[in-house]
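I opened this entry to keep track of what I looked up, one topic at a time. I wrote each term's cut-offs beside its first use.

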Amino acid sequence: MLKKIINKIIEGFIKTSGWVSSIIVLLIIIFLFKEATGLFTKSPLEEGYVLVVNKKNPIDKLSPDQLKNVFDRDSTSWKTLGGMNAPIEIFTVEDISTFYNDSMIGANMENLPWCINDHIAKTENVISYFPEKYLPKNFEGKIMHLDNVSVYQFLKNKIWLPSARPVAQVGALPLIISTLLVSLVAILIALPIGLAAAIYLAEVADSRIRTFLKPVIELLAGIPSVVYGFFGLVIIVPFIQKIFSLPVGETGLTGSIILAIMALPTIITVAEDALRTVPKAMKEASLALGATHWQTIYKVMIPYASSGITAAAILGIGRAVGETMVALMVTGNANNFTFSLLKPIRTIPATIAAELGEASYGGMHFKALFALGCILFLITLVINVYVEYLSGKKTK
Amino acid sequence: MKKILSLGLIATSMVVAFAQTAGIKVKGSDTVLPLSQKEAEVYMKEHKGASITVIGGGSGVGIAALIDGSTDIAMSSRSLKMDEKMKLKDAGKDIKEVEVALDALSIIVNPSNPVKQLTREQLEGIYTGKITNWKEVGGADLAIVAYSRESSSGTYEFIKDHVLQKKNFGTSILNMPATGAIVQSVAQTKGAIGYIGLAYMEKTVKAINVSFDGGKTFIKPSVATAKNKTYPITRPLFYFYDKKIENQVAPLVNFVLSKEGQKLVADVGYIAIK
């Protein structure tokens with residue numbers, strides 16, 4: 001009787017654990033997407049600020065790109081933006097004392113809104129952004145409204161400067177390309193080595209060597225990634241720099257090499273399992289027909305286990321795509337838009353890890369990082385679904 | 001089952017016990033973190049029964065915690081942003097800002113680099129990506145590799161505001177997650193330039209004298225030049241707290257500002273404000 005009750009309790013406990021963990025995962029995903037969609041419903045202008053020009057200025061709209069150029073002083077004339085033939089004058093609130101003396105501004109800056117209004121109304125070629133609270137009641141300038149960032153722009157734009165002022169630049173394309181590139185190259189390095197090791201373990205090595213090697217390889221998976229990262233920074237970075245005589249050793253390739261080492265245990269373990277599932281009868285039939293051991297391996301066993309080996313490779317990519325610490329430490333984290341492996345690049349996980357801590361909660365930057373998280377989630381989701389599909393095919 | 005129950009009980013009691021003993025909670029900037037830890041350690045040693053919890057995470061994390069009330073003091077290496085001010089106001093908080101220490105940032109290069117001094121304009125050119133070779137600033141024919149801290153760190157904001165005059169960093173700048181990584185990279189990269197807190201200065205890298213008056217006077221970064229404010233790249237480190245709980249946090253804040261507290265500031269490697 002008591003046993004039955006205990007059994008029931010354990011059964012219930014297991015059931016609820018399953019449900020609770022599924023629900024938690026679901027909630028995390030909902031949270032992730034909810035925060036991320038906020039990016040596309042917000043103006044990219046820094047919160048609490050207004051962007052204004054003179055009333056006579058014919059330009060109604062500027063893109064975030066154009067605004068960045070204006071405030072970086074790369075665009076210096078309104079003409080290049082399709083406006084009047086006059087230089088662009090940037091006015092910030094800190095400059096107010098060069099135009100108005102202290103008595104005009106007031107002891108407690110109570111006349112500041114008036115001064116701002118006056119200056120903007122008087123200066124035809126001005127552009128300015130200042131806190132909304134300084135906006136005078138009957139403002140005589142033109143307030144510029146910015147379009148919200150669209151999903152397409154987010155995926156297409158090439159500049160990632162989410163803390164840029166006054167307008168955040170959230171272009172995820174270089175990050176997405178870097179992430180995929182680094183992972184892909186990592187897998188190109190890791191797959192031949194991993195496959196060879198798996199064949200060796202499954203077919204060639206005798207059981208004594210295998211019982212020694214297997215735990216050693218699995219140990220690789222247990223080393224904290226920060227240790228790999230530091231190893232990369234101190235050993236691989238100077239090495240790459242010397243070999244290719246580069247100005248800097250923190251490159252995509254450096255990241256790929258270390259990620260390859262990190263993906264090895266996954267690849268070896270899964271590929272070895274796949275090779276072991278080859279039926280004995282098949283192997284023996286091949287040997288009986290006069291094929292050598294090697295011929296049997298690459299003509300019979302590898303084709304039979306191919307879906308398992310592909311799964312190994314894809315799981316390895318999945319491991320590399322999401323790896324944070326190593327990418328953060330050895331890839332240089334520069335916002336380069338490049339397909340070159342010998343330049344510093346920046347991956348999605350590294351960006352999230354490095355920036356989330358200091359971004360202001362709920363702000364544009366914060367939401368942009370969550371949107372990056374969504375992209376990463378979708379990439380790994382596709383990878384996992386594909387692996388499921390492959391292993392489903394195998395059982396048929 | 002019994003085991004699970006008792007484990008649960010222990011866990012809850014621990015949580016409860018922890019919640020009760022937590023006195024002042026300090027959270028935020030990783031730059032200010034070592035300082036606050038040291039201050040808290042000494043303070044608790046001197047005041048038996050006082051309890052201070054210090055947590056890092058970044059300036060933004062600390063200020064977010066201040067907004068939602070999960071910390072008493074927010075540490076920050078930058079001043080409040082406009083949207084943070086608005087959120088604090090919405091949360092009904094009247095914030096007091098206290099400067100607890102100064103941090104001078106040294107511009108560092110590889111020791112093999114012959115360049116000894118740079119003007120602000122040259123630094124701006126390097127970090128916005130307009131100057132790409134050392135020969136343009138009086139050095140050897142060598143590509144410049146510029147290292148920066150992450151865009152979200154207070155250090156980055158400070159350099160952007162004061163050295164780049166609010167212009168954006170170039171896209172080829174390498175962003176490093178930590179100051180230690182910058183020192184390591186600059187030490188092993190010939191054409192490198194980076195910026196670090198004075199406290200992190202090591203023999204493996206060389207500090208550059210900087211000029212903010214167009215090349216008239218070049219100032220060497222040091223505790224003395226930072227203290228007398230002649231060294232231009234010096235920034236304050238802040239504590240923020242709600243004026244309503246001033247009574248509760250004042251003992252700690254006063255301790256940090258006291259002679260003894262400021263001596264600890266120097267021990268940790270920052271510059272005392274007094």
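**Entry 1: the cores of chain A**

I looked up the largest nonpolar core and found that it has 127 residues, with A263(A), I267(A) and A271(A) having the most contacts inside it. Helix α10 of chain A, residues 252-276, gives the most to this core, with 15 residues. Apart from it lies another core, of 42 residues, and I noted A36(A), V167(A), A168(A) and A368(A) among them.

For my own use I wrote down that a nonpolar core is a set of buried Ala, Val, Leu, Ile, Met, Phe, Trp, Tyr and Cys residues joined through C-beta atoms within 7 Å. A residue is buried if 20 or more other C-beta atoms lie within 10 Å of its own, exposed if 12 or fewer, and partly exposed in between, with C-beta atoms placed from the backbone. Helices (H or I, at least four residues) and strands (E, at least two) are DSSP runs, numbered from the N terminus.

I also noted that this is a predicted model, in which local features need pLDDT of at least 70 and side-chain atom pairs count only at pLDDT 80 or more, while totals for chains, interfaces and linings use all residues. Residues are numbered from 1 along each chain as its sequence is written, and chains are lettered from A and ligands numbered from 1 in the order in which they are written.

Which residues does I267(A) touch, leaving aside its neighbours within four places in sequence? I found A190(A), L191(A), G194(A), A312(A), A313(A) and G316(A) in contact with I267(A), where contact means that two C-beta atoms, placed from the backbone, lie within 7 Å.

**Entry 2: chain A as a whole**

I found 16 helices and six strands in chain A, and 40% of its 396 residues count as buried. The radius of gyration of chain A is 29 Å, whereas a compact globule of 396 residues would have one near 21 Å; this radius is taken over C-alpha atoms, and the globule rule is 2.2 Å times the number of residues to the power 0.38. Along its principal axes, the C-alpha trace of chain A spans about 100 × 70 × 35 Å.

**Entry 3: where chain B touches chain A**

I looked up the contact between the chains, which takes 36 residues from chain B and 39 residues from chain A. On the side of chain B that touches chain A, α3(B) gives the most, with five residues. By class, that side of chain B has 13 nonpolar, 17 polar and six charged residues; Ala, Val, Leu, Ile, Met, Phe, Trp, Tyr, Cys and Pro count as nonpolar, Asp, Glu, Lys and Arg as charged, and the others, Gly among them, as polar.

**Entry 4: helix α3 of chain B**

Why is α3(B) largely enclosed by the rest of the structure? I found that nine of its nine residues are buried, so α3(B) is largely enclosed. The buried residues of α3(B) pack against β1, β3, α4, α6 and β10 of chain B. After α3(B) comes G69(B), whose phi is positive, near 80°.

**Entry 5: strand β4 of chain B**

I traced strand β4(B), residues 95-109, which pairs with β10(B), residues 234-242, in the antiparallel sense over nine bridges; two strands pair if DSSP finds at least two bridges between them. Within this pairing, A101(B) has L237(B) as its bridge partner. Five bridges join β4(B) to the antiparallel strand β8(B), residues 192-197, where G194(B) is the bridge partner of I108(B).
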